[in-house]
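Student: Can you walk me through this structure? I'd like to start with how you define things.

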Amino acid sequence: MDVYGAIASFAAIVALFTLTPGLDTALILRTSLLAGRRPAWAVVLGIQLGTLLWGLLTAAGLSALLTASQVAYEVVWRTSSGGRPLASLGRNRAPNTFVEQGAAPFVYV
């Protein structure tokens with residue numbers, strides 16, 4: 001396979017993955033069905049701003065730093081809003097789920 005064939009194959013696979021709906025699409029659809037159009041547009045705006053911010057930080061080299069340094073990754077994860085939403089989501093959702101299923105209670109760390 002020559003270079004042009006490899007590029008064409010890669011572009012076809014990337015196009016297929018781009019067209020496949022993901023978690024962002026599911027979140028937007030869920031919000032629009034449960035809360036309406038205005039909150040769904042807020043979710044779209046948040047997703048797009050997050051993607052733009054990540055792209056700008058990647059262009060500035062932050063992603064290379066976080067990939068190379070475990071310490072830098074931990075500092076950003078623990079001090080920024082990166083870990084807080086996931087931790088609060090786990091704290092808020094897990095106890096109700098375990099109680100409903102009759103499993104062991106959630107242990108807060």
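Tutor: First, a definition: helices (H or I, at least four residues) and strands (E, at least two) are DSSP runs, numbered from the N terminus. The expected span of a helix is 1.5 Å times one less than its number of residues.

Student: And where does the model come from?
Tutor: This is a predicted model; local features need pLDDT of at least 70, side-chain atom pairs count only at pLDDT 80 or more, and totals for chains, interfaces and linings use all residues. Residues are numbered from 1 along each chain as its sequence is written, and side-chain values use heavy atoms, with hydrogens and water left out.

Student: How many helices and strands are there in the protein chain?
Tutor: Six helices and zero strands. From the N terminus the order is α-α-α-α-α-α.

Student: Where is confidence lowest, and where is it highest?
Tutor: Helix α6 (residues 84-101) is lowest, with a mean of 58. Helix α2 is highest, at 91. The score is pLDDT, the predictor's confidence in each residue, from 0 to 100. The protein chain averages 78, and 72% of the residues score at least 70. Where pLDDT is low, the predicted coordinates should not be read in detail.

Student: OK, α2 then. What does it reach from its first C-alpha to its last?
Tutor: Helix α2 has 13 residues and reaches 18 Å, close to the 18 Å expected at 1.5 Å a residue. Just after α2 comes Gly36, with a positive phi of about 110 degrees.

Student: Is Thr31 buried or exposed?
Tutor: Thr31 sits in α2. Thr31 counts as buried because its relative accessibility is 11%; the cut-offs are under 20% relative accessible area for buried, over 50% for exposed and partly exposed in between (1.4 Å probe, protein chains only).

Student: What is Thr31 in contact with, leaving aside neighbours within four places in sequence?
Tutor: Gly36, Pro39, Ala40 and Val43. Contact means heavy atoms within 4.5 Å.

Student: Which other residues of α3 are buried?
Tutor: Val43 and Ile47 are buried in α3 along with Ala40. Cover for the buried residues of α3 includes α2 (23-35).

Student: Switching to the surface. Which residues make the nonpolar patch?
Tutor: Leu45, Leu49, Leu52 and Leu56 make a nonpolar surface patch of about 410 Å². Leu52 is in helix α3. An α-helix has 3.6 residues a turn, so residues three or four places apart point the same way.

Student: How do you define a patch?
Tutor: Patch residues have over 30% relative accessible area and no salt bridge; like charges are joined within 9 Å, nonpolar side chains (Val, Leu, Ile, Met, Phe, Trp, Tyr) within 5 Å. A salt bridge is a side-chain nitrogen of Lys or Arg within 4 Å of a carboxyl oxygen of Asp or Glu. Areas come from the Shrake-Rupley method with a 1.4 Å probe; for residues, only the protein chains shown count as cover.

Student: What share of the protein chain is buried?
Tutor: Buried residues make up 9% of its 109 residues.
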